[in-house]
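Please look at the sequence and the structure before reading on.

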Amino acid sequence: FPKPARYLVASRLRWTGEEGHRDLVEQYGGIMMKLFMSMLSGMVIVLFSLNLAAAAPSNVQDSSRHLYDRVMEEYKHRDYAAALAGFRFFLELHGQSSLAANAQYLVGECQYRLGRYKEALKSFYQVVSYYPLSPKLAASTLKIGQTYSRLKDHDKARMMYERVVDQYPESAEAESAKKALEAMAARDDEPSAQLTGNSLSE
């Protein structure tokens, strides 16, 4: 080629090479941007999921506490039938919550106060059986003894009172159990005293 022609061809080749290089850079940049946006979207989804996972237990706990407090208001106002239904409903919805043992105990309390002693007995036994780490164990064992007393099963009542004293000696329930045992002992002594008096009079 003549010199001007060679220069023109070389210039075009150089320009074409630069354009090709620029296209490759743009394509590479586009791919990298897509990867970055994809990663960013994934991170946003993960963070959003983590926030939901963290918020879910809190929301459940808030709703369980709200329902529990509402039912407790009925219990405090001595509407034991309504409270009984409320605590049973609570256990259906939140049977695994930290308040479940309390709710089960209060089911028994409502039944006890309604005079449904056999049902109350089962409810208190459920606290002891299903919630072995509950702070309501001493109270439930005491109530089992009191319920047996109501059912005139004094031997089992005495056994439960003694268990409260032995297993929870520092509790307020232990003091109540001791008083119940003393009352039972005094009642047991009355027939002996009457028999002794009758023997002396004869």
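Which residues is cysteine 110 in contact with, leaving aside its neighbours within four places in sequence?

## Cysteine 110 and its contacts

The model is a predicted one. In it, cysteine 110 is in contact with Tyr75, Tyr80, Ala83, Leu84 and Phe87, once its neighbours within four places in sequence are left aside. Cysteine 110 itself lies in helix 3. Its relative accessibility is 0%, and because buried means under 20%, cysteine 110 counts as buried.

Positions that are separated along the chain can be compared in space too. Alanine 82 and cysteine 110 are 28 residues apart in sequence, and their C-alpha atoms are 9.2 Å apart in space.

## Helix 2 against helix 3

Helix 2 covers residues 80-94 and helix 3 covers residues 100-113. The two pack at an angle of about 155 degrees, and their axes are 9 Å apart. An angle over 145 degrees counts as roughly antiparallel, and helix 2 and helix 3 are therefore roughly antiparallel to each other. Their crossing is left-handed.

On the side of helix 2, the contact is made by Tyr80, Ala83, Leu84, Phe87, Arg88, Phe90, Leu91 and His94. On the side of helix 3, the contributing residues are Ala100, Ala103, Gln104, Leu106, Val107, Cys110, Gln111 and Arg113. Sorted by class, this contact between helix 2 and helix 3 holds 11 nonpolar, 3 polar and 2 charged residues.

## Helix 3 in more detail

Helix 3 has 14 residues. From its first C-alpha to its last it reaches 20 Å, close to the 20 Å expected at 1.5 Å a residue. Helix 3 is mostly covered, with 12 of its 14 residues buried. The buried residues are Ala100, Ala101, Ala103, Gln104, Tyr105, Leu106, Val107, Gly108, Glu109, Cys110, Gln111 and Tyr112.

After helix 3 comes glycine 115, which has a positive phi, near 80 degrees.

## Helix 5 against helix 6

Helix 5 contributes Ala138, Thr141, Leu142, Ile144, Gly145, Gln146, Tyr148 and Ser149 to the contact. Helix 6 contributes His154, Lys156, Ala157, Met160, Tyr161, Arg163 and Val164. By class, the residues in this contact of helix 5 with helix 6 divide into 8 nonpolar, 5 polar and 2 charged.

## Helix 5 in more detail

Helix 5 has 14 residues and spans 20 Å from its first C-alpha to its last, which is close to the 20 Å expected at 1.5 Å a residue. Of these 14 residues, 11 are buried, so helix 5 is largely enclosed by the rest of the structure. The buried residues of helix 5 are Leu137, Ala138, Ala139, Ser140, Thr141, Leu142, Lys143, Ile144, Gly145, Thr147 and Tyr148.

## Two loop residues with positive phi

Most residues other than glycine have a negative phi. Arginine 78 has a positive phi, near 65 degrees, and is not a glycine. It is found in the loop between helix 1 (3-76) and helix 2. Is arginine 78 buried or exposed? Its relative accessibility is 65%, so arginine 78 counts as exposed.

Lysine 152 is not a glycine either, and its phi is positive at about 65 degrees.

## The whole chain

The protein chain contains 7 helices and 0 strands. Read from the N terminus on, its elements run α-α-α-α-α-α-α.

The chain has 202 residues, and 27% of them are buried. Among contacts between residues at least 6 apart in sequence, 44% join residues at least 24 apart.

Notes. Residues numbered from 1 in each chain as written. Predicted model: local features only at pLDDT ≥ 70, side-chain atom pairs only at ≥ 80, totals over all residues. Heavy atoms only, no water. Axes fitted to C-alpha atoms, helices over the stretch in contact; angles between N-to-C directions. Helix = DSSP H or I, 4+ residues; strand = E, 2+ residues; numbered from the N terminus. Parallel < 35°, antiparallel > 145°, perpendicular 65-115°, else oblique. Left-handed = near helix turned anticlockwise from the far one by under 90°. Contact = heavy atoms within 4.5 Å. Nonpolar A, V, L, I, M, F, W, Y, C, P; charged D, E, K, R; others polar. Expected span 1.5 Å × (residues − 1). Buried < 20%, exposed > 50% of the residue type's maximum accessible area, 1.4 Å probe, protein only.
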